[in-house]
Amino acid sequence: MSEVVSYKLKGNIGVISVNNPPVNALAQVVREGILNSLRLSQQDGSEAVVLHCEGRTFIAGADITEFGKPPKEPGLPEVLSAIEESTKPVVAAIHGTALGGGFEVALACHYRCAIGSAKVGLPEVKLGLLPGAGGTQRVPRVAGVKAALDMITSGNPVSASKANSMGLIDEILVGDDLLDAAIAYAKGLVESGAPLKRIRDIDLNTEDLEAGFFESARKKLSRRARGQIAQDRIVSCIEAAATLPMDEGLQRERELFQELLTSPESAAMRHIFFAERQAAKINDLPKNTALRPIDKVAIIGGGTMGGGIAMCFANVGIPVVLVEVDADALGRGLGIVRKNYNITVQKGKLPEDQMEQRIGLITGTTNYDDIADVDMVIEAVFESLDLKKQIFGKLDAVCKPGAILATNTSYQDVDIIAESTARPQDVVGMHFFSPANVMKLLEVVRGEKTSDDVLATVMQIGKKIKKVCALSRVCYGFIGNRMLGGYGREAQMLLLDGCTPSQVDAALERFGMAMGPLAMGDLAGLDVGYKARQALTNLPDDPRLYRMGTLLAEMGRYGQKTGSGYYKYDPETRRRMSDPEVEELIEEEASKLGVERRAVSDEEILERCFYPLINEGAKILEEGIAQRASDIDVVYIYGYAFPAAKGGPMHYADAVGVKNVYDKICEFRDSYGEDYWSPAPLLKQLAEEGKSFAQWDKERSDAQ
Ligand code: 3H9
């Protein structure tokens, strides 16, 4: 028997222990080990069997690295059948997170016990999959169709106590030692003559389901699915649970799981799963780099951004001091924080006493001397290099030695900011995305002199405040905003070439973007882009460039905040509507500029908008601004709402074929000129070598 899974008899209880760090994933050796252990348990003097895991968690799911490779025996369904058919009760003892296939193993057991801090869930949908080992058939039998649908389509785990109330966990264990408590529970079952409880034997109650329930569930989910098919297939599986005998339901689940496993959506989402974890790793940082303790943080600037960042820290129990220039501004800042928390409370997502606790962790000051003792400062004032330099000079004077001095700048040069202190090694960029308390991305910007321990600490604190971190070197706009330039430019050029705003946005929204670039411009404010462009000195002298955005801003049509921009907005509902006035204006401008308008296909819209992203991404890679192509994908998924089902722009390039992207860019260069369409040397190289960005990442990682 493998050492990864061991079996021992403890009195009259057989104990199967899984030990496959870090998360006890169900690799082949684990599946085989459990199967062999079960066989032993059927032949010895045990009267019940406990299945438990060593380390930090119960089984966290199938081994995702095995997906896409030839299957290895035994499959998980075989293991689950063996558990279910055991002649002695099998008890799952859960701690940490029992997820996906891990929770499905537990559901095949006759009883489930868990410690109070445990969580259980079926997160497969987040990988573009569905629970493929009975989850869609067993959960509805226990918890009902509606609760099952909610759990499986959201993919969110539930606490042990919630699972207990849903019937998914039979017993919450007390006591310090999980295994002792689970053995005691199993002994109790034996003594009381508890039956072999199999979920498959439960009759599913469908009485409370209104007619057409599954159809309307499908419709509702398709609105939020953004190009993903998994939700739809999950509904089909649960429908099968409600209408077919167990084994036929399992068969249906198996077929649909296999379909999803080979889908491009799931490949993209699995790519992102690993990319996200990889992005937190800094290639040249020694593994044992010491971390600086972060027990108290200051935020300079209590605007929307500063307030949102303060909430991120308060949410995980870290005290924050908000610094503003005067009492009024401070009052406004603290007011924004309270308002945001109130919204969360009203949505029922946060109990009121917890809100007060969190708000209690945020204090305010107008005096820099009050932040002399903090471990980390994050400057979040508006984008003025002079102002930022002044602030960092002040911070240098008041902050204790070793304090991390971070700037939340979106564009400014972190090295220049660092030079306004005598401790550039302590200066780093922490680029949050708005609203900072909601958006998951944190771009960590490594200055020329940023020290290793500052970087390691920021990566760790980023994870603690529940952000997904990606490292960028210093350049204008860092990874995300730098790439965005060409995307916005082409969206506007397409208007002159023949599109309406809604045609451009709709094509990109059908692709899966949460919002098209023109609607996004209206949301952010067309005045913002207008002002930012005025500060740029190196733009090509081309009257077509950003023509419509500039015109609309000059007309005072700033977007949603003025009720009109590329679109008109209903003052009550903020619903966007096409504006014939804008369409006329576009036609007039095109004719003034001598652009002959023509019909533009959706395909061209996608290519014109996304290929500049990919091309700039390739330049960012060859300049060493990003460590990996997959980091760029992480930035776009978590910071710019690129659809997860497409895996980020670089993965999308791989899916389309790097050579196809390169050829198209060359074609655009020939039609529209070199200013906007000069292919990145790395793109050319990969196209010529027939390689993908994923291969490029792998080769570099292998060489390290
Ligand atoms: C499934 O189960 C399908 C079945 O229904 C049907 C089958 C027939 N496999 O996240 P962390 C690695 S689908 C392989 O940083 P944390 C991860 O890459 C699966 N590797 O830890 C990382 O590696 P590295 C359903 C995995 O403490 C390391 O473990 N299950 C897997 O922050 C640490 O991970 C899921 O979707 C895996 N399943 O969070 C659960 N999981 O160190 C996915 C993790 O080299 N996992 N790794 O970068 C998670 O959500 C989190 O890992 C967990 C721990 C919450 C468990």
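**Domains and the ligand shell**

The protein chain splits into domain 1 (5–261), domain 2 (297–478), domain 3 (481–600) and domain 4 (603–703), with bounds taken from an automatic or database domain assignment. Between the C-alpha centres of domain 1 and domain 4 there is a gap of 40 Å. This is a predicted model, in which local features need pLDDT of at least 70, side-chain atom pairs count only at pLDDT 80 or more, and totals for chains, interfaces and linings use all residues. Residues are numbered from 1 along each chain as its sequence is written, and side-chain values use heavy atoms, with hydrogens and water left out.

Around the ligand sit 27 residues, the closest being Gly-101, Glu-104, Glu-124, Arg-277 and Lys-281; a residue is near the ligand if one of its heavy atoms lies within 4 Å of it. Sorted by class, that shell holds 14 nonpolar, 5 polar and 8 charged residues (Ala, Val, Leu, Ile, Met, Phe, Trp, Tyr, Cys and Pro count as nonpolar, Asp, Glu, Lys and Arg as charged, and the others, Gly among them, as polar).

As for polar contacts (pairs of N or O atoms within 3.5 Å), a polar side-chain atom of Lys-281 is 2.6 Å from a ligand oxygen. On its own the ligand has 1100 Å² of accessible area, and the protein covers 76% of it (Shrake-Rupley method, 1.4 Å probe).

Technical notes: A polar contact is a pair of N or O atoms within 3.5 Å; within protein, one must be able to donate a hydrogen and the other to accept it, and residues adjacent in sequence count only if both atoms are side-chain atoms.
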